Number of protein chains: 2
Amino acid sequence: MSALDRSILDAVPAFAALTGKEIDIVLAQARSLRYPKGTTVFEQGGAADSFFVLLHGHLQVVKLTPAGQQVVIRYVVPGEMFGIAVQIGRQSYPATAQAVMDSLALVWPSSAWPTLVARCPALAESALHIVGTRLDEAHVRVVELATEEVERRVAHALLRLLKQAGRKVDDGIEVAFPITREDVAQMTGTTLHTVSRILSRWEARGLVESERQRIVVRDPHGLFAIAETAKA
Amino acid sequence: MSALDRSILDAVPAFAALTGKEIDIVLAQARSLRYPKGTTVFEQGGAADSFFVLLHGHLQVVKLTPAGQQVVIRYVVPGEMFGIAVQIGRQSYPATAQAVMDSLALVWPSSAWPTLVARCPALAESALHIVGTRLDEAHVRVVELATEEVERRVAHALLRLLKQAGRKVDDGIEVAFPITREDVAQMTGTTLHTVSRILSRWEARGLVESERQRIVVRDPHGLFAIAETAKA
């Protein structure tokens, strides 16, 4: 029996195919770490010495360009494996992960991966499915950035956030973590100015409400209509 | 001994970690198929019943939007494994692959993958590295599309083509397969008109030469300077 209880991994799809005994093997190598809001979990270019499963909280993953521009690659939600660098043969992290709220993660040393896979072969398949899903997501964004007007891209980005981390509130569905207009700009390849203009227009139409660090979608169907309507 | 000779896989990185005996096991399940220029190898949304290794030729992989716009996701060069859908748990192909010149591929039934991985565990790791590399490439494109002016994106796209499939010729390095300005537009999220304007300007400066289906880069360093210089 490991120090961490098996049930901690019940909501982690990456481990769904493992037997109870295999989960014990995996957990025996893990420790849990807290990441207070604003702290960095790993840094772009840093040695990929750990991989992680998020248990609680939310992380933002960003890529920095040499010129210092930031692009938000994705958000990590509870139950997800992340920091998957050693698994794909990388020595360093390709991006930076930061806690956007107080978060808790399980952490494994990357050096444990080969042994874990040898003892639990289902892990390799899980990792493949995770990386494959991320690849699909990345290609969807390539297509959006290559073909869609900015308003549709912003609508798609918000709908994805709702799907990934939407929380029902009185006046609609809110993104369950702090998010700014600048974050949305960095997710959609546009400027803060443009995102502000679009959100203000949508607010006037009753589609969304946004405050400094909060976005509520009041009319998801209206947003969907914008996302899916190609400009003539 | 299988009908196909082991040496056929010498230049295939996906199989580099396999023993000779394992390669025989893998080859025993494969057949080779010719894809004349212009033919479709697999179609977006079609059942992912095969995976492939390209032995000769070049393929273009494109994604079609619901509105009928095309985005070139990547080109497949000899030695690459492609059509990796079953490996990442997909039932259908996420894109369409077409031969841009006469091509030859090894083809495996997707149903053979679980058995092959069970008998040759190194295959799972290979697949992870391949999908991970594609993910890195996709994120690079997301960042380019989100932050770069179109001229830099076109420069980056051409430099990548040279790296992946460049062939030395008298007056520079040419892309080793037929490629049109429209293809470049679909790789960089812009219009044929814009690509034509950029290539004409570069031609006037002696950086490139382009004909209907051919692009030669005369001055890779000059192109690199454009790709890496952020606009002030």
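Is A:Leu162 buried or exposed? Keep that residue in mind; the tour comes back to A:Leu162 with the answer.

This is a predicted model, in which local features need pLDDT of at least 70, side-chain atom pairs count only at pLDDT 80 or more, and totals for chains, interfaces and linings use all residues. Residues are numbered from 1 along each chain as its sequence is written, chains are lettered from A and ligands numbered from 1 in the order in which they are written, and side-chain values use heavy atoms, with hydrogens and water left out.

**Stop 1: chain A as a whole**

Select chain A. Its secondary structure comes to seven helices and twelve strands (DSSP runs numbered from the N terminus: H or I of at least four residues for helices, E of at least two for strands). The C-alpha atoms fill a box of roughly 55 × 40 × 30 Å along the principal axes. Of the 232 residues of chain A, 54% are buried (buried is under 20% relative accessible area, exposed over 50%, partly exposed in between, with a 1.4 Å probe and protein chains only).

**Stop 2: two annotated spans**

Select residues 14-99 of chain A. UniProt, in an unreviewed entry, places "domain: Cyclic nucleotide-binding" here. The span is 10% helix and 40% strand, and its end C-alpha atoms lie 21 Å apart.

Now select residues 148-221 of chain A. The UniProt feature here, also from an unreviewed entry, is "domain: HTH crp-type". This span is 53% helix and 22% strand, with end C-alpha atoms 19 Å apart. UniProt positions follow the numbering used here, feature names are shortened, and annotations may be inferred rather than shown by experiment.

**Stop 3: A:Leu162**

Zoom to helix H4 of chain A, residues 150-165, and pick A:Leu162. The answer to the opening question: A:Leu162 is buried, because its relative accessible area is 12%. Show its neighbours. Leaving out residues up to four places away in sequence, A:Leu162 touches A:Ile173, A:Glu174, A:Val175 and A:Val217 (contact means heavy atoms within 4.5 Å). Then draw a distance to A:Leu64. The two C-alpha atoms are separated by 25 Å, and the residues are 98 apart along the chain.

**Stop 4: helix H5 of chain B**

Switch to chain B and select residues 181-188, helix H5. Six of its eight residues are buried, among them B:Val184 and B:Met187. Which elements do the buried residues of H5(B) pack against? In chain B they are strands E4 (59-64), E5 (70-76) and E12 (214-217), and helices H3 (122-147), H4 (150-165) and H6 (192-204). End at B:Gly189, which follows H5(B) and has a positive phi, near 65°.
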